Amino acid sequence: MQAAYRDTGITSLPRPLLSPASTQAFNAPSASEAGEVVYLVEADYQAREEISAFLLAHDMNVVGLASATEYLAFPARDTAACVILNIRLPDISGLELQRRLAKKSNPPLIFISDQCDIASTVCAMKAGAIEFLTKPFDLRALIPPIHSAFAQDRKQRQRKAELMKLQERFALLTPRERDVLPLIVGGLLNKQAASVLGISEVTLQIHRSQVMRKMQAESFAELIRMAVKLRIPYRHESEPHPGQRAAMERPLCGVAQ
């Protein structure tokens, strides 16, 4: 377990409620074992201490930060994480920070607020926040959304890692193999695809085999799913040669990812 937090001179705001039995209420799986991290962005030092202590008691790694600026400057770990974010911060608002983070890969957010603000709550939730809690609240209410956020971030990281692997495989294809791929996943027969490219059917079959091998696709259905994830456009027989790319920008459809 680890915690890191910094003092702040800001006057204490209303503190969360924590009953004596709260730390015993949940026996959640150890987050520290998986290396998962909770980034707590809270200007109120006392609230930050109390929340950090509670999460540490649940064997979670916690990084306490006093402002949005500190969070943006903090070197993030390459592990699943979530951010507990006070909507009112000394530099920029939590909602503004949420908007900035939405432009890049970032852990899921859990908002806390010092007062009930329906408009802000709706805005935060519509933008993808996991939860929005208003002080004072029982700290046990943090546990379920934290684990939901960890699960969501793990899935996002897995999808990103899988996409990177596919992009690396796609980079191994020759220019001609990249011409072949959108034709075959678009449903053209080997003869039709060969005609479009002006090559023999035998040559087309060789390219198709190489595409399957380099993409490490165990079946044609799997190759189609890979193409969907890579957003590879597809072509019909009647469409122009790959040199005329403007006519090819239609996504694959009707195939489950």
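Me: How is a helix assigned, and what span is expected of one?
Reply: Helices are DSSP runs of H or I with at least four residues, strands are runs of E with at least two, and both are numbered from the N terminus. The expected span of a helix is 1.5 Å times one less than its number of residues. This is a predicted model, in which local features need pLDDT of at least 70, side-chain atom pairs count only at pLDDT 80 or more, and totals for chains, interfaces and linings use all residues. Residues are numbered from 1 along each chain as its sequence is written, and side-chain values use heavy atoms, leaving out hydrogens and water. Here the protein chain holds 10 helices and 6 strands. Helix α6 (residues 143–170) has 28 residues; its first and last C-alpha atoms are 41 Å apart, close to the expected 40 Å.

Me: Which residues of α2 are buried, and what covers them?
Reply: Buried means under 20% relative accessible area, exposed over 50%, and partly exposed in between, with a 1.4 Å probe and protein chains only. In α2 the buried residues are Ala-47, Arg-48, Glu-50, Ile-51, Ser-52, Phe-54 and Leu-55. Their cover includes β2 (37–41), β3 (61–65), β4 (81–86), β5 (109–113) and α6. In α6 itself, Ile-143, Phe-150, Asp-153 and Arg-169 are among the buried residues. Over the protein chain, 44% of the 257 residues count as buried.

Me: Is α7 enclosed or open?
Reply: Of its 11 residues, 8 are buried, so α7 is largely enclosed by the rest of the structure. Those buried residues, including Glu-177 and Asp-179, pack against α6, α8 (190–197), α9 and α10 (220–229). Just after α7, Gly-187 has a positive phi of about 100°.

Me: At what angle do α7 and α9 pack?
Reply: Axes are lines fitted to C-alpha atoms, for helices over the stretch in contact, and angles between N-to-C directions run from 0 to 180 degrees. Helix α7 (residues 175–185) and helix α9 (residues 201–215) pack at about 90°, with axes 9 Å apart. That makes the two helices roughly perpendicular, a class covering 65 to 115 degrees.

Me: Which residues make the contact?
Reply: Contact means heavy atoms within 4.5 Å. From α7 come Arg-176, Glu-177, Val-180, Leu-181 and Ile-184, and from α9 Leu-204, His-207, Arg-208, Gln-210, Val-211 and Lys-214.

Methods. Angles under 35 degrees count as roughly parallel, over 145 as roughly antiparallel, 65 to 115 as roughly perpendicular and the rest as oblique.
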